[in-house]
Amino acid sequence: MAKPYNPVSAADYLPRHLLQEIQLKRLQNIIKHEYDNVPFYRQRMDEKGVKPEDIKTLKDIQLLPFTMKKDLRDTYPFGLFAVPMNKIVRLHASSGTTGKPIVVGYTQEDVDSWTNCMARALAAGGVTSNDIIQNSYGYGLFTGGLGAHNGIEALGATVVPTSGGNTERQIMLMRDFGVNGICCTPSYFIHLCEKAAEMGVNVKALPIRVGFFGAEPWTQEMRQRIEEASGIETFDIYGLSEMSGPGVGIECEHHCGLHIFEETFYPEIIDPDTGEVLPDGERGELVFTTINKFGMPMIRYRTRDLTRIIPEPCPCGRTLRRIDRISARSDDMFIIRGVNVFPSQIESAFLSVDATALPHYRITLTRRPDGLDDMLIEIEVREEQFSDDMRKMNELQKKFSHEIERILGIRAMVKIVQPGAIPRSEGKAKRVFDLRNTTK
Amino acid sequence: MYLKQLSVFVDNKPGALYAPCSALAEAGVNLSSIFLADTKDFGILRVITKDNEKALNVLRENNFAVKLTDVLAIEIEDVPGALSKILKTVESMGLDVLYMYAAVGTSGKPVMIFRFDDADNALEKLRDADCTIVSSEQFFA
Ligand SMILES: [Zn+2]
């Protein structure tokens with residue numbers, strides 16, 4: 001079937017040499033803009049002895065200093081803004097779970113560029129002006145809601161701005177409006193499918209055919225689960241508010257990595273320990289420079305996401321390079337007893353015990369008075385797993401516990417709990433509760 | 001010959017029994033017997049009621065994991081040593097008992113509720129032995 005032509009996607013297919021010309025021009029321009037307008041960056045560059053005119057090729061980006069999340073906190077709220085406040089038309093901020101939030105500011109041009117990337121992301125998933133897209137990302141300070149909203153409208157599709165929450169009504173609207181696609185977090189969509197089943201609504205029978213899931217890492221198992229429960233095609237969308245919001249990268253119909261909108265976000269992969277740039281194909285930390293953003297550009301921003309740039313061209317014909325899906329954001333990682341643990345590892349342990357569904361779970365970290373750390377993992381039991389035979393329930397709990405120990409190499413306290421015992425969040429699911437700083 | 005018993009998965013924490021019990025009470029489900037088995041982490045609440053379908057629906061609506069199980073009710077005669085006689089019979093037959101507990105039917109008959117690993121086999125053997133198996137009709141009479 002021929003794909004509808006989306007003029008918005010033309011930039012995805014630029015010949016590489018043209019793309020690189022644009023990248024270099026934009027990079028030079030943005031570095032000069034930063035140097036002239038942000039004392040923070042001027043000082044950093046002076047310390048490294050690098051001037052804007054030293055950027056002669058794309059490779060010269062390696063001369064520039066990195067930006068860390070900490071730098072955004074230290075300059076809270078507007079310390080990294082590169083334009084006067086009267087040019088800033090929008091502010092977003094992260095929900096600061098620890099300390100100060102991260103604030104980002106956009107000029108009108110920045111909002112337009114972000115919108116363009118988001119529209120191309122949706123187009124890569126086959127969305128056209130004929131579609132009705134439900135946007136269940138939270139509207140507000142979080143970039144997900146408004147970011148996706150603008151992109152849907154820019155593409156000419158119809159947006160249903162439900163935002164997060166009130167799941168029963170979301171399901172009703174999805175059914176009554178004949179919604180074709182949805183934007184939300186993968187965990188919220190799983191929640192929505194469960195709720196629909198409870199309400200007797202068969203998501204598979206609804207017109208919805210596509211979902212754009214992001215704002216949190218999700219596993220291949222979650223993807224399978226979503227596709228089986230709903231029958232929709234799922235697209236992994238990557239973004240972070242430090243760059244703009246959703247729409248930094250997107251899967252195409254081949255689902256083999258995420259194309260990065262490179263003419264806007266210049267990607268590098270570095271060795272997280274040495275800061276050295278790694279060649280395409282090697283795994284390391286993803287670093288971005290926003291080369292088409294003026295309100296608050298980011299130079300070599302360290303995302304703490306681990307991935308690699310896929311060197312081979314994609315069969316879809318896009319010239320934009322791809323990164324591997326990010327299964328874990330290092331922000332979600334925690335260290336216990338000297339071991340780095342990603343929640344995705346714990347999820348894979350659950351699925352090796354019971355592959356039918358990923359359970360709701362919660363990880364709580366505590367510290368004993370003697371300084372030893374404990375990890376409690378609570379897992380909700382599904383009715384299909386429940387047996388009246390106490391031995392079987394003990395066995396189930398033990399199986400979870402063994403699998404976790406096998407995969408992590410450390411022991412956790414595992415407790416199965418009744419369905420609904422773990423509070424649901426309708427935005428980004430919070431899985432890890434680290435109480436070690438407060439309990440001492 | 002079996003009695004239907006409803007099992008509910010509950011957390012082992014104070015007040016965990018309140019939610020399922022009050023949900024059943026609000027729906028007007030009358031419980032003939034209630035029995036909790038627990039470990040340090042979780043519990044299984046087992047109830048016997050005449051109105052299984054309603055109870056099942058109410059509990060599921062309230063998000064509980066629920067199972068219906070076949071159990072056997074054996075009459076305990078009102079004579080000294082009646083219980084040990086039953087236990088002895090069960091033991092001599094080599095039947096695998098998962099659990100048991102005492103209950104009283106609406107008929108006022110005291111019974112022992114047994115859940116056997118192999119319920120059909122147990123039923124067949126106990127029928128032949130000198131045991132009075134109380135049917136659902138008799139229990140709720
Ligand atoms: Zn592609």
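The contact between the two chains draws 25 residues from chain B and 21 residues from chain A. The model is predicted.

**Exercise 1. Describe the interface of chain B and chain A, from its area to its polar pairs and the elements involved.**

Solution. 
1. Area: chain B and chain A together bury about 1,900 Å², and 53% of this lies on carbon and sulfur atoms.
2. Charged pairs: 4 salt bridges are counted between chain B and chain A. One of them joins the side chains of Glu383(A) and Arg60(B), at 2.6 Å from N to O.
3. Elements: on the side of chain B that touches chain A, two or more residues each come from strands E1 (3-11), E2 (31-38), E3 (42-49), E4 (66-75) and E5 (97-104) of chain B. The largest share, 6 residues, belongs to E1(B).

**Exercise 2. Identify the donors of the zinc ion and determine the geometry of the site.**

Solution. 
1. Donors: the zinc ion is coordinated by SG of Cys252(A), NE2 of His259(A), SG of Cys314(A) and SG of Cys316(A), at 2.1 to 2.3 Å.
2. Angles: the 4 donor atoms subtend angles of 102 to 114 degrees around the zinc ion, and the arrangement is therefore tetrahedral. The criterion requires all angles to lie between 85 and 135 degrees. For four tetrahedral donors the ideal angle is 109.5 degrees.
3. Spacing: along the sequence, the donor residues follow the pattern C-x6-H-x54-C-x1-C.
4. Placement: Cys252(A) lies in the loop between strand E8 (245-251) and strand E9 (258-260) of chain A, whereas Cys314(A) lies in the loop between strand E12 (301-310) and strand E13 (322-323). The pair is 62 residues apart and links distant parts of the chain.
5. Burial: Cys252(A) counts as buried because its relative accessibility is 0%. Cys314(A), at 7%, also counts as buried, since the cut-off is under 20%.

Definitions and conventions:
Residues are numbered from 1 along each chain as its sequence is written. Chains are lettered from A and ligands numbered from 1 in the order in which they are written. This is a predicted model: local features need pLDDT of at least 70, side-chain atom pairs count only at pLDDT 80 or more; totals for chains, interfaces and linings use all residues. Side-chain values use heavy atoms; hydrogens and water are left out. Donors are N, O and S atoms within 2.8 Å of the metal (3.2 Å for Na, K and Ca); water is not among the atoms, so sites may look incomplete. Four donors count as tetrahedral if all angles lie between 85 and 135 degrees; four count as square planar and six as octahedral if opposite donors are over 155 degrees apart and all others between 65 and 115; anything else is irregular. Helices (H or I, at least four residues) and strands (E, at least two) are DSSP runs, numbered from the N terminus. Buried means under 20% relative accessible area, exposed over 50%, partly exposed in between (1.4 Å probe, protein chains only). Contact means heavy atoms within 4.5 Å. Buried area is the accessible area (1.4 Å probe) that two parts lose on being put together, summed over both. A polar contact is a pair of N or O atoms within 3.5 Å; within protein, one must be able to donate a hydrogen and the other to accept it, and residues adjacent in sequence count only if both atoms are side-chain atoms.
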